[in-house]
Amino acid sequence: MNEQIQKLLNNLIQLEHVSSTLYLAMSNYMNRLNYKGMGSWLRLQSEEERTHMLKLIDYLVDRGGTVELSSLPAQPSEFGTPLETFQKVLGHEKFVTNSYRQAFQFISQANDPQTLVIVQDFLREQVDEEAQAQTIVDRLKIAQNNPAAIFILDQELGQRKAAPAGGAPAGGAPAGGAPAGGAPAGGAAAQG
């Protein structure tokens, strides 16, 4: 495997690993504030990102590459209001999208069609990842500081189901009607 492609894939693996720990920290924070639905949604998002990391690891190993797992940065324990927390989710998803976009451009020039397909699938899923986060942010803005509205949204987000291994999301819809499991989580089109 091309050394630069291997390095790029290891960077994406690290990105997904950091994403998983970030969302787990956010989940713990929301649970501590008794927003159990939001905490559950974020926990599932954390698990989805871990699945993405494992998919990239498996792909790199299958291609004869070397996986290099780096240490993880410490995550904050406070994220602000639910709105501020999900604004951070949205910002992170935009960062992830940009990272995959740059990877796609590099791999396109490197003429590695197999890796291009994998990265394209992840990039395609980012459309849904950003849309879900944007919808939640928008609905939290509508709710403003209305406890009843935030409670309803919290309950709705708590209905998210884990995506089946290697495939499309399972039932339910988070705020705004996007698939509850996120975009195709875990499969080739998974990341976040």
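Where is the place of N111? N111 sits in the loop between α3 and α4. Helices here are DSSP runs of H or I with at least four residues, strands are runs of E with at least two, and both are numbered from the N terminus. The structure is a predicted model, in which local features need pLDDT of at least 70 and side-chain atom pairs count only at pLDDT 80 or more, while totals for chains, interfaces and linings use all residues. Residues are numbered from 1 along each chain as its sequence is written, and side-chain values use heavy atoms, with hydrogens and water left out.

The overall fold was examined next. The chain has five helices and zero strands. Along the sequence, the pattern reads α-α-α-α-α. Of the 192 residues, 46% count as buried. Buried means under 20% relative accessible area, exposed means over 50%, and partly exposed lies in between (1.4 Å probe, protein chains only).

N111 has a positive phi of about 55°, although N111 is not a glycine. N111 counts as exposed because its relative accessibility is 66%. Q144 also has a positive phi, near 50°, and is a residue other than glycine. Q144 lies in the loop between α4 and α5. With a relative accessible area of 60%, Q144 is exposed.

Another loop residue is V67, found between α2 and α3. V67 is partly exposed, at 26% relative accessibility. The C-alpha atoms of V67 and L9 are separated by 8.5 Å. Along the chain, these two residues are 58 residues apart.

Helix packing was then considered. Two packed helices are described by the angle between their axes and the distance between the axes. Helix α1 (residues 3-32) packs with α3 at an angle of about 170°. Their axes are 11 Å apart. Axes are lines fitted to C-alpha atoms, for helices over the stretch in contact, and angles run from 0 to 180 degrees between N-to-C directions. The two helices, α1 and α3, are therefore roughly antiparallel to each other. The cut-offs are under 35 degrees for roughly parallel, over 145 for roughly antiparallel, 65 to 115 for roughly perpendicular, and oblique for the rest. The contact of α1 with α3 has 18 nonpolar, five polar and three charged residues. Nonpolar covers Ala, Val, Leu, Ile, Met, Phe, Trp, Tyr, Cys and Pro; charged covers Asp, Glu, Lys and Arg; the others, Gly among them, are polar.

Aromatic rings were searched across the whole structure, and three aromatic pairs were found. One of them joins Y100 and F122, and this pair is stacked because the ring centres are 5.4 Å apart and the planes are at 0°. Rings of Phe, Tyr and Trp (its six-membered ring) pair if their centres lie within 6.5 Å; planes under 30 degrees apart are stacked, over 60 edge-to-face, and the rest tilted. Y100 belongs to helix α3 (residues 82-110) and F122 to helix α4 (residues 113-143). The pair links distant parts of the chain, 22 residues apart. Y100 is buried, with a relative accessible area of 0%. F122 is buried too, also at 0%.

A charge also meets a ring. R160 lies over the face of W41, at 4.6 Å from the ring centre. Such a charge is NZ of Lys or CZ of Arg within 6 Å of the ring centre and within 35 degrees of the ring normal.

The structure holds five salt bridges. A salt bridge is a side-chain nitrogen of Lys or Arg within 4 Å of a carboxyl oxygen of Asp or Glu. Among them is the bridge between R63 and D112, at 3.1 Å from N to O. R63 lies in the loop between α2 (36-62) and α3, and D112 in the loop between α3 and α4, so the pair ties together parts that are 49 residues apart in sequence. R63 is partly exposed at 28%, whereas D112 is buried at 9%.

D121 forms a salt bridge with R124, with the closest N and O atoms 2.7 Å apart. Both residues lie in helix α4, three residues apart, about one turn of the helix. D121 is buried at 14%, whereas R124 is partly exposed at 49%.

E156 and R139 meet in a further salt bridge, at 3.0 Å from N to O. This pair links helix α5 (residues 147-157), which holds E156, to helix α4, which holds R139. E156 is buried at 19%, and R139 is partly exposed at 29%.
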